[in-house]
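The following note is meant for a colleague who is opening this structure for the first time.

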Amino acid sequence: MSNASETVTSLSSETRAGVIGVHGVTKRFPGVIAVNNVSLTFHQGEVHVLLGENGAGKSTLVGILSGLQEPDEGYLSLNGKKIRLASPSASLDAGISTVFQHSMLVPTLTVLENLTLGAPWYERPPRARIAARMEELKREFALSLPLDAIVGELSLGQQQQIEIARALLRDSKVLILDEATSMLTPQGAHELGERMQKLVKSGLAVIFITHKLAEAYRYGNRISVLKQGALAGEMVPDQLKSMSEDQAVDEIVRLMFGREAGAGSTEQRNSTKRDDTVLKLENLSTQGDADVMGIADISLILQAGEIVGVAGIDGNGQKQLAEAMAGQRPLNSGRVELDGEDITSATVAQRRRKGLRYLTDDRLAEGSVAAFPISENTVLKDIGQPPFWVNGLERPQRIAQHARELIARFSVHAPGETTPIGRLSGGNIQKVLLGRELLGEARVVVFNKPTYGLDLKNIDTSRQRISEIAERGLAVLLISTDLDELMALSDRIAVMEGGRIRGIVKNDGSGEALRLRIGRMMAGEEDYKQATA
Amino acid sequence: MSGLLTEAFLSSLLTGAIVAAIPILLAGLGEQMSEKAGVLNIGIEGMMLMGAYVGFLVAFETNSLWLGFLGGILGGVLTAIVMAVLCVRLGLNQIVIGIGLTLGVEGLTALLHHFQFSRTYPRLPAPERLNIPGLTDLPVIGPSLFGRHLIVYLALIAVVVLAYLYRRTNLGMTLSAAGERPAALDVAGGNVLGIRVVAVLFTGAMAGLGGAYLANIGAGLFIPFMTGGAGFIGIVLAMLARGRPLWVLIGSLIFGAALSLTTALQVAGSNIPTDVIQMLPFAAVMLVLVLFGRRAKLPAALGAAYERGAR
Ligand SMILES: Nc1ncnc2c1ncn2[C@@H]1O[C@H](COP(=O)(O)OP(=O)(O)O)[C@@H](O)[C@H]1O
Ligand SMILES: [Mg+2]
């Protein structure tokens, strides 16, 4: 503690004004820099909104502030003093309460027990005290909960209320809400917004994470945008106050989805679209649950030689759409038509044989068997089919020959066809899987994030191949979270948000304007009718 | 089969049931706490055997049954420390370590016993019994229910005390949280690893006491491998009892009756083949598992090590 005063003086004046400071914090996980040299200050009396796409590092930052993770580099400060939050209880003691993105309730316990969780084991539950405090919360914040209900039997919205109540009961100085409105009704979200404003008026600092830009503007006093772990921009209170909602949303979209300075421009490919319709989706819907979003009313037409891009923040139903098309996910309703034939009830294998191919984004877990040689992986989806199996017997020679051809044709860098596929780099696994999907008479190829996690050279080759596939007259559905990729390759771009198509825009090469328009739709800010071209 | 319903037969059946029930009751109560907290404590068989060995040795050397029980608890706890360090602190696989621990203790105690006593099995003097004038003299139930060693009644009190702690204090909810969703307990400021260590050590203490009872009261001597699966029956009981100590008691009495029926039938000299009789308790285990196994509701994080911040 001898150097405490030293640390105080070394902090900037901006830091001293805030309750909590994050100073040059970096956090790495295997293969990814989740938070990259981020410095932020959270002030008393402010709702500070953190925005950013999925994977931008928001929750990791929350984890660091709540004592779940410790930064690899950089440090935190509390009221201008350097502080180490080595455990959740250290964070609670520092006056920081967190409502996490993922439920931190015990479903088998009652509401009361969940509210008292963490108390010494030998004590008796302080029922009367909690009940009295809940009365206060009810009066102040219109928050009421059935204390004796089993948490697992309540709705997800109610469960989120419990977590918010638990944080409020702690009388903390800082309240963190990580996507706390995701399960609330619009009315509930509005109430939460008012609650946050009340709390900051009483001197708290609130850190609020949301995906809804309008919420960010309405309830936030200050906005910071994270992009791939790094701070991409900040809007200070004065700036926000001087803007209308539309202006603010535009600015946020620019910060979140705008082209970074210095990124090379990608040339738009020439359309090879023909007139015949290959694939028709009518009103596809699937069941969602707590973990995966369902899709609703997806209608889309793919023409021969056409690339249709699917844009959207990761996790807005894109994967479910791809799986529904491939027959891997049951439909609640809707119809799939391939070359005029109804294939709605066709199995995965039947669809594949008819020419509908799906390249998953999960190359290792879903796309291949890592420990199997490349050769086996090239025929994984054709087990039992000629020419690789004859009369139920595997033909290893034939499979090996096929694999060698594929390795040569797709320039896979591998020692040989007997190498386990798990030993290859992501780009080379991707080439093998692409080769597999193009085998035989392909008509439509669905790509799910085909260049995700690849290096620049492999990204280029992959995009080149996707172009070539369209040139050959196949229809391509290209799901990607990379707007540059979509704008370089697609004829049209469908934007998904909340499991629905928000709009389909023609990729007319209008560059930045189109990009921002897509960005708005991705954030759920532009509605369907306006957007449909 | 005419002699089956005699007073002697019924009395020995009841006595046997209680004597056989107490060790698995203690083991079941102990295992229950571990499982509530999310640790599947397969090592309990080893803890019990260690308790039997140490408990017998202490009682034999000091001539005090009570010191013997203390020794049993100590033996169980020492074995449980290994489990707590490896499985809770270091997060190693609970099944592998549990089985290893049991096998290790089986070998170790057999070896040590052989060194000390070679091939002899010295006996302890018969334990002093409770004597409640009036009650103990009742026919059939008198000696079996009211003439047992004091430790039997302490085991029954433990059922009540645990039921109270689980229901009325934060202990039950803290254990459940550690077993259902440890991350939730962690972020609420609770100590997941701490409560799990406590639970595992408690299991060791209870299993060790059960083992000491088995050796010092049940048999009056130590024989290598003498627990013979009693710890595993405790695991089954804990899994079926859905967190309720009273259900462990009921279950242990049923299994105890099945176990004692084997001896009672043999003593009564019935003409059922001995092999069939000895199958009885295990048939009972199977039957109960078939009937109620599906109703066992286990904690969501049972068997999974907790590591903060991992996903
Ligand atoms: N415990 C973890 N182990 C490994 N990788 C992680 C872990 N937590 C987060 N990540 C990775 O760090 C990045 C940032 O994730 P996260 O902070 O959850 O983003 P956000 O909350 O903005 O969606 C992602 O690439 C994610 O996969
Ligand atoms: Mg997050």
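A residue is called buried when its relative accessible area is under 20%, exposed when it is over 50%, and partly exposed in between, using a 1.4 Å probe and protein chains only. Helices (H or I, at least four residues) and strands (E, at least two) are DSSP runs that are numbered from the N terminus. The model is a predicted one, in which local features need pLDDT of at least 70 and side-chain atom pairs count only at pLDDT 80 or more, while totals for chains, interfaces and linings use all residues. Residues are numbered from 1 along each chain as its sequence is written, chains are lettered from A and ligands numbered from 1 in the order in which they are written, and side-chain values use heavy atoms, with hydrogens and water left out.

1. What does strand 9 of chain A pair with in the parallel sense? The partner is strand 3 of chain A (residues 47-51), joined to strand 9 over four bridges, where two strands are said to pair if DSSP finds at least two bridges between them. Within this pairing, Arg222(A) has His48(A) standing opposite. Strand 9 of chain A also pairs with strand 10 of chain A (residues 230-235), here in the antiparallel sense and over five bridges, and Ser224(A) faces Glu234(A) across that pair. Strands 9 and 10 of chain A form a hairpin with two residues between them, and Gln228(A) in the turn has a positive phi of about 45 degrees.

2. Another hairpin in chain A is made by strand 4 and strand 5, again with two residues between the strands, and in it Asn79(A) takes a positive phi near 50 degrees. Strand 4 (residues 73-78) and strand 5 (residues 81-83) of chain A run antiparallel and are joined by three bridges, with Lys82(A) as the bridge partner of Ser77(A). Strand 4 of chain A pairs as well with strand 1 (residues 18-29) of chain A, in the antiparallel sense over five bridges, and there Val22(A) stands opposite Leu76(A).

3. Strand 11 of chain A (residues 277-285) has two antiparallel pairings to follow. Five bridges link strand 11 to strand 12 (residues 298-303) of chain A, where Lys280(A) lies opposite Ile301(A). Five bridges also join strand 11 to strand 14 (residues 333-338) of chain A, and the bridge partner of Glu282(A) in strand 14 is Arg335(A).

4. Six strands of chain A form an open sheet in the order 16-19-20-13-21-22, with mixed pairing. The edge strands are strand 16 (356-359) and strand 22 (500-506) of chain A, each of which pairs on one side only. Strand 21 (residues 492-497) and strand 22 of chain A run antiparallel and share six bridges, with Ile493(A) opposite Val505(A).

5. In chain B, helix 12 (residues 274-292) has 19 residues and should span 27 Å at 1.5 Å a residue, which agrees with the 28 Å between its end C-alpha atoms; the expected span is 1.5 Å times one less than the number of residues. A kink of about 40 degrees lies at Leu280(B), shortly before the proline Pro281(B), the bend being the angle between axes fitted to the seven residues ending at a residue and the seven starting there. The buried residues of helix 12 of chain B are Ile277(B), Pro281(B), Ala284(B), Val285(B) and Val288(B).

6. Two single residues complete the note. Ala212(B), in helix 9 (residues 192-219) of chain B, counts as buried at 0% relative accessibility, and its C-alpha atom is separated by 4.1 Å from that of Ala52(B), 160 residues apart along the chain. Ser425(A), found in the loop between helix 15 (396-409) and helix 16 (426-437) of chain A, is partly exposed, with a relative accessible area of 38%. The C-alpha atoms of Ser425(A) and Gly503(A), 78 residues apart along the chain, are separated by 36 Å.
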